[in-house]
Amino acid sequence: MALDQFLTALDSMLGEARACLETVDSAEALEQLRVKYTGAKSGALKSVQKMLAGIEGKDKPAAGKRFNEVRDGIEEALAQAAQRLGVSGVQESIGPSFDPTLPGLRPNLGTIHPITQSLEHLKEIMGRLGFNVTEGPEIEDPWHNFVALNIPEDHPARDPLDNFYLATAKASAPILAGRTTQSAQPARLLRSQTSTVQIRVMETQPLPLRIISLGRVYRPDAPDATHFPMFHQMEGLWVDRNVTMAQLKSVLRLFATSYLGGDVNIRFRPSFFPFTEPSVEVDYWWNGQWIEFGGAGMVDPNVFQAVGIDPEVWSGFAFGLGVERLCMRRFGITDIRDLYRSDVRFLRQFAT
Ligand code: FA5
């Protein structure tokens with residue numbers, strides 16, 4: 001076959017293809033054109049390519065070059081038409097878009113968030129001390145968040161401004177009137193402490209008990225370096241016949257040295273919680289100041305009575321620790337807000 005004839009056939013095919021592809025107005029018609037020109041079995045390009053075999057040897061380089069140009073021109077016109085019609089996948093169907101000679105793309109691997117790492121680590125340490133992990137809901141009722149925990153009706157901790165009550169139609173009226181007792185159900189709030197789980201466990205599980213519960217809690221606290229409106233707590237509860245304050249202190253000291261290191265300096269300060277008597281707050285020393293990381297104490301007899309446990313027979317201790325504060329000390333993080341900015345450059349530093 002003469003070169004001229006071949007080139008003319010190629011050019012007229014390109015012209016025709018471009019004209020059709022410029023005006024094509026549906027995805028189906030575009031697909032038909034794609035098959036017509038670039039179809040692997042009987043597409044026009046394929047037929048013309050077969051003619052190459054009949055070209056004289058000396059003309060083959062010129063014929064091949066022009067063939068490639070025409071093929072690229074048709075593919076480009078197909079891609080433009082696909083883009084105009086918002087159709088995807090046409091380019092891929094034309095030929096392989098994967099270029100094995102390009103350098104590979106490094107997959108963007110995630111890392112485990114430091115708080116998740118801490119939660120796992122805390123469970124492991126407390127597990128070794130014989131505490132079983134249990135869970136409770138984040139949406140609570142006032143009975144579990146307050147009443148059973150001996151937090152009276154007029155206690156400031158129940159103020160609507162200090163809690164995230166849920167604005168259900170039925171619940172909002174009694175809350176605004178300050179009546180959030182069991183009788184005013186169904187008030188609901190995001191739990192402000194994991195101590196709710198103490199109640200749920202004592203209501204349902206047989207004694208003796210030794211549990212921890214880790215999870216999110218919510219308070220409308222203004223964010224600063226050590227406060228966030230959503231944070232995690234680890235609640236612990238040990239109920240048996242002769243549990244003592246000395247055991248509570250030993251468990252917390254053992255826990256702190258296991259998690260924060262043998263050189264950590266912690267102290268217990270007398271404090272008050274409605275649900276424990278006596279109560280303490282626990283601090284660690286860091287960067288020239290004491291940082292409070294939890295509260296604890298002996299379970300108040302009123303709490304035992306609320307869940308039907310005889311305080312003359314049983315005794316127990318409970319504690320609630322701030323997971324973020326522990327995590328910060330362990331990883332050397334000085335601002336709690338950094339944990340929740342979702343900045344992967346920051347979070348990646350703590351990859352394990
Ligand atoms: C309580 O929440 C009690 N339920 C703890 C408790 C449990 C006492 C059982 C006795 C028996 P408190 O409000 O102090 O206590 O909070 C406990 C810890 O949570 C604090 O020591 C602190 O580490 C952490 N925490 C409190 N508020 C915030 C906040 N806004 N952001 C981050 N961590 C916080």
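View 1. A nitrogen atom of the ligand lies 2.8 Å from an N or O atom in the side chain of Asp221. An oxygen atom of the ligand is 2.8 Å from a side-chain N or O atom of Arg219. Gln233 places a polar side-chain atom 3.0 Å from an oxygen atom of the ligand. A polar contact here is a pair of N or O atoms within 3.5 Å. On its own, the ligand has 680 Å² of accessible area, and the protein covers 94% of that area. Areas come from the Shrake-Rupley method with a 1.4 Å probe. This is a predicted model: local features need pLDDT of at least 70, side-chain atom pairs count only at pLDDT 80 or more, and totals for chains, interfaces and linings use all residues. Residues are numbered from 1 along each chain as its sequence is written, and side-chain values use heavy atoms, with hydrogens and water left out.

View 2. The ligand sits in the largest pocket. A pocket is an open set of points on a 1 Å grid over the protein atoms alone, where a 1.4 Å probe fits, with protein on both sides within 12 Å along at least five of seven lines. To sit in it, a molecule needs more than half of its atoms within 2 Å of the grid points. Helix H9 (195-204) and strands E6 (230-240), E8 (276-286), E9 (289-299) and E10 (315-322) each give two or more residues to the shell. E9 gives the largest share, five residues. Helices (H or I, at least four residues) and strands (E, at least two) are DSSP runs, numbered from the N terminus.

**View 3. Residues of the shell.** The ligand is surrounded by 26 residues, each with a heavy atom within 4 Å of it. The closest are Gln193, Ser195, Arg219, Asp221 and Glu292. By class, the shell has nine nonpolar, eleven polar and six charged residues. Gly counts as polar, while Asp, Glu, Lys and Arg count as charged.

**View 4. Backbone details.** The peptide bond from Leu207 to Pro208 is cis, with omega near -5°. Pro208 is in the loop between H9 and strand E5 (209-218). Glu277 and Pro278 are also joined by a cis peptide bond, with omega about -5°. Pro278 belongs to strand E8.

How values were computed
A polar contact is a pair of N or O atoms within 3.5 Å; within protein, one must be able to donate a hydrogen and the other to accept it, and residues adjacent in sequence count only if both atoms are side-chain atoms. On a 1 Å grid over the protein atoms alone, a cavity is a set of points where a 1.4 Å probe fits but cannot get out, and a pocket is an open set with protein on both sides within 12 Å along at least five of seven lines; lining residues have an atom within 4 Å of a point.
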